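Colleague: I would like to go through this model with you. Shall we take the DNA first, then the protein chains?

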2 protein chains.
Amino acid sequence: MEERKYLPHIAYDSVIFGFSGNQLKILIMKYHNTGLFALPGGFVKIDEDLNTAVRRGLKERTGLDNIYLEQFYTFGDVSRYQAGAMKTILEANGHHVPENYWMLDRFISVAYYALINYEKVVPKPDALSDSCDWYSLDKLPPLMQDHNQIVEKALQTLRDNLERKLVSVNLLPSLFTMNELQKVYEAILGEKLRRTTFQRKILSLNILDRHDKQYSGKAHKAPYLYSFKEK
Amino acid sequence: MEERKYLPHIAYDSVIFGFSGNQLKILIMKYHNTGLFALPGGFVKIDEDLNTAVRRGLKERTGLDNIYLEQFYTFGDVSRYQAGAMKTILEANGHHVPENYWMLDRFISVAYYALINYEKVVPKPDALSDSCDWYSLDKLPPLMQDHNQIVEKALQTLRDNLERKLVSVNLLPSLFTMNELQKVYEAILGEKLRRTTFQRKILSLNILDRHDKQYSGKAHKAPYLYSFKEK
DNA sequence: TTATTATTGTCACAAATTGAGACAATAACT
DNA sequence: AGTTATTGTCTCAATTTGTGACAATAATAA
C-alpha cells in the first residue's frame with residue numbers, strides 16, 4: 001500500500017536556483033492538464049533521512065549529485081492545506097482518489113534551496129507533470145498553495161547568506177570572469193554594484209586563482225579568467 | 001483516542017534563552033524517575049498552526065505570551081528515532097504503553113529558539129517531568145537524543161542573528177546600563193568586547209533612549225540607564 | 001574637608017575599509 | 001593609425017573601527 005511507504009503529513013519543497021542571461025532562475029513544475037504550477041517537492045520514506053529524501057528528489061529532477069543545499073524554513077500553517085488542488089492534480093492524471101487518501105491530508109513542508117550550474121542541467125518532469133522548466137524570478141507564474149511565499153523567503157535567505165557562505169561558487173562554471181561573478185552578486189542582491197569596489201573586495205578575500213585571459217572577439221581589452229581556489 | 005489529537009511523526013523542540021549572572025542560560029526538563037534531560041518540546045494538534053503549537057508550549061512552560069521566537073532548523077535524521085528512551089519515560093510515569101503507540105514512532109522535529117526576560121519567568125515542569133530549570137550553557141547535562149546538537153545550532157544561529165535582529169531587547173529588563181547590554185553581547189558571542197568601541201557603535205545605531213543615572217552605592221561614577229526606543 | 005578608588009562618558013588620533021573617480025592598457029574593428 | 005568598449009590598477013576622500021587617554025563622577029577612607 002503506497003501510504004505505508006512515506007511519512008504522512010510531511011513533505012519538502014525545493015527552490016532550485018540557477019544563473020543564466022544575467023538573471024537568477026528557478027525550476028518550476030507544471031502539472032498535467034491543470035494549469036497548476038508548483039515547486040519541485042516530494043515526500044520522505046519511512047526509513048529515510050529528511051536530507052536524503054531531498055537529495056533524492058533533486059537528483060531525479062536535475063540528474064545531479066552533490067548539489068549545494070540549504071534548509072531554510074519549515075512551513076506549518078493549517079491554511080496550507082488545500083485538498084482540492086491536490087485532488088485535481090491526481091484526477092487529471094487519471095488516478096482514482098480514495099476518500100481520506102494520504103496525499104490529501106494536511107502537510108507540513110520543510111523548504112530547501114539549492115544552487116546549481118545552469119549549464120549542467122536538463123530538467124526532468126515527474127510522472128504528474130508535463131514540464132519542469134527555468135523561470136526568471138521576476139516572471140514567475142502564480143504558484144500553488146504558499147509556494148510564492150516560499151520562493152520569497154528562499155531569496156531572502158540567499159541574500160543574507162551571500163557573503164557568509166560564498167554562495168556563488170555553485171552558480172558559475174569553473175572558469176569565469178570578474179564581470180560574470182559581479183553579475184551573480186547583482187542578481188542575488190537585486191542591485192547594481194560598483195565595479196572597482198567589487199573587484200578590490202573579492203580579490204582581497206584571496207579565494208580566487210587567476211588564469212589566462214579570455215578573448216571574446218570583441219573590440220576591447222580581454223578580461224582574466226578566474227576559478228575558486230580548491231578548499 | 002489520543003493519537004487522533006496530534007499530527008503523527010511531527011514534534012517541535014525549543015531552546016529557551018535567558019540571561020542572568022552575566023551568562024546565557026536555557027531551560028531544561030528532567031523526566032520523572034529516569035535521570036533523562038531534554039529540551040522543552042511538544043506536538044502539533046491536528047488543526048493547529050505549527051507556530052501556534054510552539055507558542056502554546058512556551059506559554060505552558062514559562063507563563064509568558066508574546067515571546068520572541070525564531071525557527072532555526074528542522075531535524076529529520078532517522079537516527080533521532082529511539083523508541084526505547086521514550087518508552088522508559090512513559091513507563092516511569094506509570095503509563096501503559098501499547099504496541100505501536102504513536103509517541104514511539106519516528107519523529108521529525110522543528111527546532112525554535114526563544115529569548116525571554118529571566119526575571120519574569122517561573123519555569124513549570126509538565127506532567128512527565130519533575131523539573132524545568134535554568135542551566136548555564138557551559139554546564140549542560142547530557143541531553144536526550146540529538147538535543148545537545150540542537151542547542152549548539154541554536155546558539156550558532158543566535159550569534160549569526162545578533163546584529164541583524166537586535167536580539168538583546170528580549171533578554172534585558174526595560175531599563176539597563178550600557179555595561180549590562182555589553183555583557184549580553186559578550187555572553188552570546190562568547191568573547192570580550194572593547195568598551196569604548198561597543199558604546200560608540202551602539203549609540204550610533206540610534207536605538208536607545210537615555211534616562212536617569214543609576215546609583216548603585218558603589219564608589220564610582222554612576223552609569224546612565226537606557227531603554228530600547230519604541231519602534 | 002580632602003584624598004582615594006573604581007567606573008563611566010567622551011574625545012583624539014591612528015589604522016583600516018569603502019566610495020568614487022581617473023587613467024592607462026588593451027582587443028578588435030574602421 | 002585612429003576608434004571603441006572594457007579592463008586592471010591607482011589615487012584621494014570619506015567613513016568606520018581600533019586603541020588609548022583623560023576628565024568627571026559616587027562612594028569611601030583619611
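Colleague: How do the residues of the surface near DNA strand C divide into nonpolar, polar and charged?
Modeller: This is a predicted model, where local features need pLDDT of at least 70, side-chain atom pairs count only at pLDDT 80 or more, and totals for chains, interfaces and linings use all residues; side-chain values use heavy atoms, without hydrogens and water. Residues are numbered from 1 along each chain as its sequence is written, while chains are lettered from A and ligands numbered from 1 in the order in which they are written. Near means that a heavy atom of the residue lies within 4 Å of the strand; Ala, Val, Leu, Ile, Met, Phe, Trp, Tyr, Cys and Pro are nonpolar, Asp, Glu, Lys and Arg are charged, and the others, Gly among them, are polar. By those classes, the surface near DNA strand C has 6 nonpolar, 8 polar and 10 charged residues.

Colleague: Which residues come nearest to DNA strand C?
Modeller: There are 24 residues around DNA strand C. The nearest come from both chains: A:Lys213, A:Ala219, A:His220, A:Lys221 and B:His220.

Colleague: Which elements give two or more residues to the surface near DNA strand C?
Modeller: Take the polar contacts (N or O atoms within 3.5 Å; within protein, one must be able to donate a hydrogen and the other to accept it, and residues adjacent in sequence count only if both atoms are side-chain atoms). The side chain of A:Lys213 has an N or O atom 2.7 Å from a phosphate oxygen of DNA strand C, and a backbone N or O atom of A:Lys221 is 2.8 Å from a base oxygen. Helices (H or I, at least four residues) and strands (E, at least two) are DSSP runs numbered from the N terminus. The elements in question are H5 of chain A and H5 of chain B.

Colleague: What percentage of the atoms of DNA strand D within 4 Å of the protein is sugar and phosphate?
Modeller: DNA strand D is surrounded by 24 residues, the closest being A:His220, B:Thr197, B:Arg200, B:His220 and B:Lys221. Of its atoms within 4 Å of the protein, the sugar and phosphate share is 52%.

Colleague: How far is a polar side-chain atom of A:Arg195 from a base nitrogen of DNA strand D?
Modeller: Other contacts to DNA strand D include a base nitrogen 3.3 Å from a polar backbone atom of B:Ala219. A:Arg210 has a polar side-chain atom 3.3 Å from a phosphate oxygen. For A:Arg195 and the base nitrogen, the distance is 2.9 Å.

Colleague: Now the protein. How much area do chain A and chain B bury between them?
Modeller: The contact (heavy atoms within 4.5 Å) takes 24 residues from chain A and 24 residues from chain B. Buried area is the accessible area (1.4 Å probe) lost when two parts are put together, summed over both. Carbon and sulfur atoms carry 54% of it, and the total is about 1900 Å².

Colleague: Which element gives the most to the side of chain A that touches chain B?
Modeller: Start with salt bridges (a side-chain nitrogen of Lys or Arg within 4 Å of a carboxyl oxygen of Asp or Glu): the interface has 2, and B:Asp160 pairs with A:Arg164 at 3.2 Å, N to O. On chain A, strand S1 (6-20), strand S4 (41-45), helix H1 (50-62), strand S5 (68-75), strand S6 (108-115) and helix H3 (147-165) each supply at least two residues of that side. With 4 residues, the top contributor is S1(A).

Colleague: Is B:Thr74 buried or exposed?
Modeller: B:Thr74 lies in strand S5 (residues 68-75) of chain B, and its side chain makes a polar contact with that of A:Thr74 (2.5 Å). Among the residues it touches are A:Leu50, A:Gln71 and B:Ile108. Buried means under 20% relative accessible area, exposed over 50%, partly exposed in between (1.4 Å probe, protein chains only). The relative accessible area of B:Thr74 is 1%, so this residue is buried.

Colleague: And why does B:Asn66 count as exposed?
Modeller: B:Asn66 is in the loop between helix H1 (50-62) and S5 of chain B. It counts as exposed because its relative accessibility is 77%.

Colleague: Last one: what percentage of chain A do buried residues make up?
Modeller: Chain A has 5 helices and 10 strands. Its C-alpha trace spans about 65 × 30 × 30 Å along the principal axes. Of its 231 residues, the buried share is 48%.

Key:
Lists of a residue's contacts leave out its neighbours within four places in sequence.
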